[in-house]
Amino acid sequence: MDPGAIFGLAVTAGQIVKYVYDIATELKNAPQHICDLCDELIEIQNVLGRISSTLKFEAGTPLTSSYNDKTFRDTMNTTRGLLEDLLDYLKKAKPGSYKQRLSWLWNKKEIEDIKRKIELNKPGERQRKEALRQWLGGYDSSPIHAKLLTQHEPGTGSWFVTNGKLSEWLQQATNGESHYPTLFWLQGISGSGKSCLMAYAIEKLLQRWEAFPDRIILYFHCSFQDNSSQSITGLLGSLISQICDADPDLWDTIRKDHKEDPNSEVSSKVASQEILSKLFRRLSKKFKRVLIFLDAPNETPEPGKIIGALLTAAAEQHTAMQICISSTPELEMKSIADKHTFWTVKMDDPGQEKDMSNYAKSRIEKSISLRSLNPQLKNEIVQTLMAKADGSFRYIECHLSALAQKDCVSHIKAALASLPPSLNKHYADVLRGMPTDSVSQARIRRLLRLITVQTRHLTIKELEEAIVVDWSQGLSLLEDDRILPGKMNEYLRLCGSLVQYDSETQTATLAHSSVKEFLQSNEIAADQSLQNIIPGPISFMMQHLLRVCLGYLLLPAFSTGYQLDVSARAERHTKWPLLKYCAESLEFYWQESWKLGPLPDDVVGMLKTLCGSNYMTNGGYWGTYLEQTCPQYIPHPGASHRLLTPLGYAAGRGWNFMVMFMIEHGMTQDLDTPSSFSALPPLLRATCYRQEDTAAILLNAGALVVDCINGTSPGVWWGHCSPNLKSIISQFQTQQMLTQIDPIQAQNMYQPYFYHSGLVGTHPTGA
């Protein structure tokens, strides 16, 4: 961050104070809220001045980077905007005008709003709010929302929003009807424009409800391309964040919940579904009307549970809560919402057909090559596309893009005469147009596997690495094996309408959810002409990505374990761009592959190598993995404890599949011994983090409660176990056995952990 820019902000704050002072010389007896505002501005001027001085003094040193992270830059940008707005306002209103009006600038409420904005955007406050946001773990779907709005064609969608069923449904709650329908279901095939319609409806209603502070609109867009958008916790965390952003004072109300959560000390741990559900129900009661838009839950593994979480909240509210959902017809809404009344609107309204026609005409006029065609041919294109689209905007979009690439009118007419009858047939034609050489087909096949089941959007550099990892040829990746610059973009171009590339983020994804449906359909699996290019069934793709992650994590370069030096870690990331993705995604691919059946022998061997390497120097491969996923567990130089073991790590996170794998394969050396980090055995880690199912698995495997609590206070531990967990433990060890341990031995190495987790109120050392 430029020291001069920050110094400029300090000067701006000073100018504002001077303007207020000038006004004060003409208008006596300044109200207290004006004085408070000056105090805030003088304080922020001093803070900015100190930061500016520090940056100048430390210029060129590593300390400067601490002022260059995203949170700090966002804080400074927000502060700049706030101060500049205030200064502009004061410059336009000269002191003399206030003397004539005999009144102070701004009323008390306006001053309070300004002060609150200043307070919320102070660096410390922003960081505390960011910590709360991370704890909530909500998925931010606003980028999806913004993109959908750019795709919306002006003039379309009014049949749904303005005078359609949506307005009628909302009006029932507005009129105070006691049995208004809770749910509104917008139903349509994949590619029919449901998501764009939802985004448009959200924006229109936000404008209408802006004048009603007791109403709130929340939204969430699920995405088949991002796992974080497919969970109940991701949904609830997002809705809570939106509520708190609408009323920033509510951030303070959830700080207590954050402190009381025993898992909040673990930076990678988000609040549990139970905590989030209670928070959402509590905070949403602050409003008389709550309207929630949930888009594309059909793109999640368990849509019924996601919708059910919202319906449970709606059933317990004293406020009017309504939920608008868009999805494909396959969603079994009747079984999901059997106790709730709901309206269904299908995307076959005459207004929708008109919108599709207008969309096609608009796209033609925006195309450099198509807009020059004669009116008759343009009309023929629109009519032909409308006849075959069967309600799919996506079909129109794909074929207009293909027609725009033709180099003459005769080729456009020929393509128009041979349009495939469905979207799936179009996708199949794209695959048939791929290169026929084995190397290109193998590359594209791997590329499609990678982006079909990616856990987040992969960058070009990550794809270049992932596409060449070959565990079957030995765990190595030579410089000569890597993809040359520009070749990955060429492979993406060959994928045509199956894939889209974002030049801004340099990431690649499947172009649409309908592409994923096609790649996993029985139709493509039965087409023998495509067997050399299709990515295969979902089970095969999951195991393929699991092998990619393991093969990469087990490269010889990572056998040296974790790096303590920050610059060495940065150098490692530069040289091995796929490392972080493989570490972060291993859990997902492992768990999903575990669900699908027994793991292949080669995968089992690689997993055993990874988990068994923690006794090597710096934890070996396991140490490298932990460095990427949970760097807070890496021992500092001179620390008395060793690296957190795989079994202890899995127990604390509740990864039952990993715990069961290690038990099944005899990797239980630390079952009854400390897992090193904080000197906690796996069973104690599982119980402290309320992982009840994991605790039961460990107890069944032979973990002894008496060994787990030996030397600690049984009253502390037993008193903070949940009733269900007590019941589980009592099956193996009686409560009487627990009370036989001498409570005088309570002040040992376990007690500090309980203190930091919020399980006891006083640190044994008195800290």
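**Overall architecture and local features of the predicted model**

The secondary structure of the chain comes to 40 helices and 8 strands. Helices (H or I, at least four residues) and strands (E, at least two) are DSSP runs, numbered from the N terminus. The structure is a predicted model, in which local features need pLDDT of at least 70 and side-chain atom pairs count only at pLDDT 80 or more, while totals for chains, interfaces and linings use all residues. Residues are numbered from 1 along each chain as its sequence is written, and side-chain values use heavy atoms, with hydrogens and water left out.

Buried residues make up 51% of the 767 residues in the chain. Buried means under 20% relative accessible area, exposed over 50%, and partly exposed in between (1.4 Å probe, protein chains only). Contacts were also counted across the chain, a contact being heavy atoms within 4.5 Å. Of the contacts with a separation of 6 or more, 76% are between residues 24 or more positions apart.

Two strands pair if DSSP finds at least two bridges between them. Axes are lines fitted to C-alpha atoms, for helices over the stretch in contact, and angles run from 0 to 180 degrees between N-to-C directions.

The pairings can be followed across the sheet. Strand 2 and strand 3 run parallel and are joined by 7 bridges. Here Leu 218 stands opposite Ile 292 in strand 3. Strand 3 also pairs with strand 4 in the parallel sense, over 7 bridges. In that pairing, Arg 289 stands opposite Ala 320 in strand 4. Strand 1 (residues 183-187) is joined to strand 5 by 5 bridges, again in parallel. Leu 183 stands opposite Phe 342, and Leu 186 stands opposite Val 345.

In strand 5, Trp 343 and Val 345 form a covered face. Phe 342, Thr 344 and Lys 346 form the uncovered one.

A second open sheet has 3 strands in the order 6-8-7, with antiparallel pairing. Strand 6 (458-459) and strand 7 (499-502) stand at the edges, each with a single partner strand, so one side of each is left without a neighbour in the sheet. Strand 6 is joined to strand 8 (residues 507-510) by 2 bridges. Leu 458 stands opposite Ala 508 in strand 8.

Helix packing was examined next. Two packed helices are described by the angle between their axes and the distance between the axes. The axes of helix 33 (residues 656-664) and helix 35 (residues 692-700) come within 10 Å and cross at roughly 10 degrees. The two helices are therefore roughly parallel to each other. Angles under 35 degrees count as roughly parallel, over 145 as roughly antiparallel, 65 to 115 as roughly perpendicular and the rest as oblique. Helix 33 contributes Asn 656, Val 659, Met 660 and Ile 663 to the contact, and helix 35 contributes Asp 693, Thr 694, Ile 697 and Leu 698.

Thr 629 lies in helix 31 (residues 620-629). This residue is buried, with a relative accessible area of 18%. Its side chain makes a polar contact with the side chain of Tyr 649 (3.3 Å). A polar contact is a pair of N or O atoms within 3.5 Å; within protein, one must be able to donate a hydrogen and the other to accept it, and residues adjacent in sequence count only if both atoms are side-chain atoms. Not counting residues up to four places away in sequence, Thr 629 touches Ala 583, Glu 584, Tyr 649 and Arg 653.
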